[in-house]
Every structure is written in structure tokens, then in C-alpha cells.
Amino acid sequence: MPEVPVLIDSNEKNINIELIEYSEQFYSSVHADSITQIQSSMHKQTIKWINVEEVTDNEAISAIGEMFSIHPLTLEDISNTDQRSKLEEYDSYIYMVLKMLSFDEKTSAPCIEQVSIILGKDFVITFQEGKRGDVFENIRQKISSGKSKARKLQTDYLAYLIIDAIVDNYFNILEKIEDNIEFLEELLTDNATGETLKIIDRSRRDMLYLRKAVWPLREVMSLMTHADNDLIKKSTVLYFRDVYDHTVQVIDSIETYRDIFSGMIDVYLSNVSNRMNQIMKVLTMISTIFMPLSFLTGFYGMNFKYLPGLDSRLSVVLITSIILLIGFGMFFYFKKKKWF
């Protein structure tokens, strides 16, 4: 990293920055709220990991870009948190955009945040859109304990650890989605309502968003495994291939879950249709039973003087008996045919 004078800006806004420096025999971790504080804390001959959380201050991003000679187009992409996952190679660094996932327990929906990674010769800079989905704690612990290979290897291995942590967290999110699938399947079996359909449709749309976020990562990892760049050692390519395999597994799972949610919608609509058919079937049977009964009551309810049996004292009993006989007879006939 080229030496530059310390940047002092009276208008500099406070941001949350973490600086981790290490070598095989050295480790340091500093939390700061300004660029100048970070720059004054840096040591020479160390690998530097600068993690910037909640990227909202363009002035701070520009200051970091000036410190590390980052291209303006890269800084623009960092500020725009709606980027597609991608990889871009520059003269002195590699720029990557990934999507970090977290799970909102209240809404039972995955949340997507952008992570920008800049891989340089002796530094790695990560810009997080937010801090809800931070999955880097395990990396911090490994580096601080000195047990990680990262203490002996270069920045490309640190970049691998960061990317691997992001991708491995995808599996945790997929487990949450799988639990949600089991819950929705029980709802469909027991008592599906209109609210169930809304949940299924929202989950299906969430899978579309996940697919959009994760699918380009496959191309990024493929480029990392075939990158002809001095920043990526051949020994590290094997690790990136492993991440590529994990990415393919995640994509396959997302495609499967999306098909499951689409199938749930079909099952729900089929259940609603079957339930409606059952209701219509019962109403049709009731109407069929009452048709002859309505005919008899209507016939003997006509205001005519001469009708068969009107002069008999047993006419009421007779007609009532006939009505009951016909009604119960048709009912038991339908029962026997298992139409009810």
C-alpha cells in the first residue's frame, strides 16, 4: 500500500470502522469512528483487514478510496447498494460484490445486504450495507487466536475466509426456510386459509429475490478460480473451488425450494377447489331430496276444490308419511352410494 499523508477533514462524519492487522507473530484490532483514526493506527509489514459497517457516508468512502488508490467507479459501486454480484479486476486490486443474508424471525423472511470486498496486495477492505447479517465473528476469533492459516498466508486467503463465511451462512438461512416449508405443509394439510396463501406467495417471492442475489455469485466464484492475477495464489484457488461447489449447492437448494413453494400454491388452489366441490355436492344432494317434497307440498297446496285425498281425515298423515318416506329413502340411498 503506498504511503499517503494523513487525511484530516473537519467535516468528516463518524462511521463504524474496524481495523484488524496481523502477521505470523503480530495481531492488533482497533475500532474507530473516523478515517484519520484508522490511518494513524496502521502498521507497516502487516496484512490489514478494514471492515466498514453501515455504508452511508460517501465522504468516508471517498477518503478510504484516496488512502488505497481505489478507482472512482469502484467507489460509486460501493455507494450503490443495489449492485449485482460481480468481480472486477484493476491494476492493483480486485473488487467483488456479494450478497450477505440474514433471517428476520419476526417476518420469517430472509434479508439481503450488500457486501463489497476489495482485495489488495496487503489489505482487504469490506464494506457492509448493514450489520444485521455480520458473519465474520468466527474469522476474527481465528485470526486473534493465531490458529488460522491466515496468519501465515496472504490477503487472498483472508478474502477466501470472508467469502466462505458469507456462503456458508446461506446454508443457515436455507435451514430456516426448510423449517418454514414444513410449517406451511402442516398448515396446508390441517386448515389452509387465505392467510396461508399469502404466506406461501410471499415465501415464493422471497425465493425469487434469493435466486437473484445468489445466482450471479456462481459466475464470480468461477472467475476467482480461473483468475490470472498475482493477487490470487495457485494454492488458494483450491479453496475458492470449494466455495464454488458450495455456491452451486445453494443455488440448487433455492431452485428446489422455489419449486416447492410453487407446488404449495397449486396444492392450496386444488384444496380450495375440492372443498368447494364438496360443498356444492352437499347442497346439490339437499336440493335433490327436496325437489319431490316441494312438488308434493306445492301440488297439495294449490287452491283447488277437488284433489285426491282432500276429503279424508288421514290426508295430512298420509301426505306427511309420503314426504318423510321419500326424503329418508333418498337420503339413505345417497348414503349407500357414498355420495354423501
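Helices (H or I, at least four residues) and strands (E, at least two) are DSSP runs, numbered from the N terminus. With that in hand, let's look at some close-up views.

The model is predicted, so local features need pLDDT of at least 70 and side-chain atom pairs count only at pLDDT 80 or more, while totals for chains, interfaces and linings use all residues. Residues are numbered from 1 along each chain as its sequence is written, and side-chain values use heavy atoms, with hydrogens and water left out.

**View 1. Ser69 sits in a loop between two helices.** Ser69 belongs to the loop between helix H2 (58–67) and H3. Its phi is near 55 degrees, a positive value in a residue other than glycine. Is Ser69 buried, exposed or partly exposed? To answer, we need the cut-offs: buried means under 20% relative accessible area, exposed over 50%, and partly exposed in between, using a 1.4 Å probe and protein chains only. At 44% relative accessibility, Ser69 is partly exposed.

**View 2. Strand E3 is largely enclosed.** Seven of the seven residues of E3 are buried, so the rest of the structure largely encloses this strand. Both faces are covered: Ile47, Trp49, Asn51 and Glu53 are buried on one side, and Lys48, Ile50 and Val52 are buried on the other.

**View 3. E3 has strand partners.** Two strands pair if DSSP finds at least two bridges between them. Strand E1 (residues 16–22) pairs with E3 in the antiparallel sense over seven bridges. Here Glu21 stands opposite Lys48 in E3. The pairing of E3 with E7 is in the parallel sense, over five bridges. In that pairing, Val52 has Phe127 in E7 as its bridge partner.

View 4. Side chains of opposite charge can pair when their charged atoms come close. A salt bridge is a side-chain nitrogen of Lys or Arg within 4 Å of a carboxyl oxygen of Asp or Glu. By this rule the count comes to ten salt bridges. In the one between Asp122 and Lys48, the closest N and O atoms are 3.9 Å apart. This pair links distant parts of the chain, 74 residues apart: Asp122 is in the loop between strand E6 (109–119) and strand E7 (123–128), and Lys48 is in strand E3 (residues 47–53). Asp122 is buried, at a relative accessible area of 18%, and Lys48 is buried too, at 3%.

**View 5. Arg84 and Glu219 meet in a salt bridge.** Their side chains come to 4.0 Å, N to O. Arg84 lies in the loop between helix H3 (72–79) and strand E4 (86–89) and Glu219 in helix H6 (residues 194–225), so the pair ties together parts that are 135 residues apart in sequence. Glu219 is partly exposed, with a relative accessible area of 45%.

**View 6. Asp201 and Arg205 pair within a helix.** Their side chains meet in a salt bridge of 3.4 Å, N to O. Which separation do they have along helix H6? They are four residues apart, so about one helical turn lies between them. Asp201 is partly exposed at 25% relative accessibility, and Arg205 is partly exposed at 35%.

**View 7. Asn169 reaches a backbone oxygen.** Asn169 is found in helix H5 (residues 155–190) and is buried, at 12% relative accessibility. A polar atom of its side chain lies 2.6 Å from the backbone oxygen of Leu101.

Key. Polar contact = N/O pair within 3.5 Å; in protein donor to acceptor, adjacent residues only side chain to side chain.
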